[in-house]
Amino acid sequence: MSLLLSQTINAIMLGCTYSLVAIGFSLFFGVMDVVVFCAGDVAIFAAFCITALVSIAGLYAALNGVLPQFLSTVMIVIIGASLTGILMLAMYRLVIKPFEGKSALMPLLSTIAAGVALRELIGIFYPQGRNPQTFPQLLPSGVLADYALISWRNVIIIVATLVLVALLYLFVNKTKTGLSIQAVSQNKEAAIMVGINWQQIVAITFLIGGFILGIGGFLVASYYDVVRFDMGAMYGLKGFCAAVVGGLGNVYGAIVGGMLIAFVEVFVSAFIPGGTAYASVVAFLMVVIFILFRPEGVIGEKTIEKV
């Protein structure tokens, strides 16, 4: 029973990390109809930013001198996520906006190239960037429940994700900007006709999506305790698969998809002998099955295009 409980907690925690990058994919696809394949690499950029702020710049130690440890951690994460939001906005300006109105294949290829470039730049310019970097222990590591191996870190990762999703829900549904994002996502032409500055809304969406990716990068690095310059490729791929399983363009579907993939991976690894070796294979097979039999995803709706 304790094994089942601990593995369920692990699956929820891993699902939280997948869900955040899947939310980023869904936000960008919702307003631009573009799959931003550099999202995973942008998220890992945040993890490297936080590592640099703590280990190289010494900002965390400086903040600890004037603030409680919890607030210092929050400040470091916010700074790292904000830098990631700015990077995501720059990605939009440089590799997506120039291809507006052109073939959908162009921004897809440009974001893949941008992700590869970002990955290699981290490996080249970060000190010993091609080696795995120990991620700073910013979250408490004590055990909350011995019988189920539930640590404070696991609980904080889950709670942080829930808080972030709740704040996103309130922003999207209760603010003028959030409602404008929904309007642009549903019908860009109609949104323009009622006076919404859609280019400004798209820029805000990329800022918010980048911030969420930054939080996701922090959480996934905290989950593994190690960050590598090439982690973003697989992290982004699994986040994209989560968005597809849940319903690409649907934020809540992204959460469901992230949880489904995480539960499959964790349970295959834990309860099938030798399952660790092919946990990802089983998860991707599940994605293929969804694409074949329910391409709109768990929550997504079928769309009919008139030609």
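Helices (H or I, at least four residues) are DSSP runs, numbered from the N terminus. The model is predicted: local features need pLDDT of at least 70, side-chain atom pairs count only at pLDDT 80 or more, and totals for chains, interfaces and linings use all residues. Residues are numbered from 1 along each chain as its sequence is written, and side-chain values use heavy atoms, with hydrogens and water left out.

**View 1. Phenylalanine 206 in helix α9.** Phenylalanine 206 sits in helix α9, which spans residues 198-224. Its relative accessible area is 0%, so phenylalanine 206 is buried. Here buried means under 20% relative accessible area, exposed means over 50%, and partly exposed lies in between (1.4 Å probe, protein chains only). Contact means heavy atoms within 4.5 Å. Neighbours within four places in sequence aside, phenylalanine 206 contacts Phe28, Met32, Val36, Gly85, Met88, Leu89, Tyr92 and Ile96. Tyrosine 126 is 80 residues from phenylalanine 206 in sequence, and their C-alpha atoms are 25 Å apart.

**View 2. The largest nonpolar core.** This core has 93 residues. A nonpolar core is a set of buried Ala, Val, Leu, Ile, Met, Phe, Trp, Tyr and Cys residues joined through side-chain atoms within 4.5 Å. Ile23, Met88, Met91 and Phe206 have the most contacts inside the core. Helix α1 (residues 2-32) gives the most to it, with 15 residues. Isoleucine 23 touches Val165, Leu168, Ile212, Val251, Ala254 and Ile255, not counting residues up to four places away in sequence.

**View 3. Isoleucine 78 in helix α4.** Helix α4 covers residues 69-96 and holds isoleucine 78. The relative accessibility of isoleucine 78 is 37%, so this residue counts as partly exposed. Phenylalanine 29 lies 49 residues from isoleucine 78 along the chain, with 24 Å between their C-alpha atoms.

**View 4. Helix α2 against helix α5.** The axes of α2 (residues 39-56) and α5 (residues 105-125) come within 9 Å and cross at roughly 20 degrees. Axes are lines fitted to C-alpha atoms, for helices over the stretch in contact, and angles run from 0 to 180 degrees between N-to-C directions. The two helices, α2 and α5, are therefore roughly parallel. Angles under 35 degrees count as roughly parallel, over 145 as roughly antiparallel, 65 to 115 as roughly perpendicular and the rest as oblique. Asp41, Val42, Phe45 and Phe48 of α2 meet Gly115, Leu118, Arg119 and Ile122 of α5. By class, this contact has five nonpolar, one polar and two charged residues. Ala, Val, Leu, Ile, Met, Phe, Trp, Tyr, Cys and Pro count as nonpolar, Asp, Glu, Lys and Arg as charged, and the others, Gly among them, as polar.

**View 5. Helix α2 against helix α4.** The axes of α2 and α4 are 9 Å apart, and the helices pack at about 140 degrees. That angle makes α2 oblique to α4. From α2, the contact includes Val42, Phe45 and Ala46; from α4, the residues include Leu87, Met88 and Met91. The classes are 14 nonpolar, two polar and no charged.

**View 6. Helix α4 against helix α5.** Here the packing angle is about 130 degrees, with the axes of α4 and α5 10 Å apart. So α4 is oblique to α5. Leu87, Met91, Val95 and Ile96 of α4 touch Pro107, Ser110, Thr111, Ala114 and Leu118 of α5. This contact has seven nonpolar, two polar and no charged residues.
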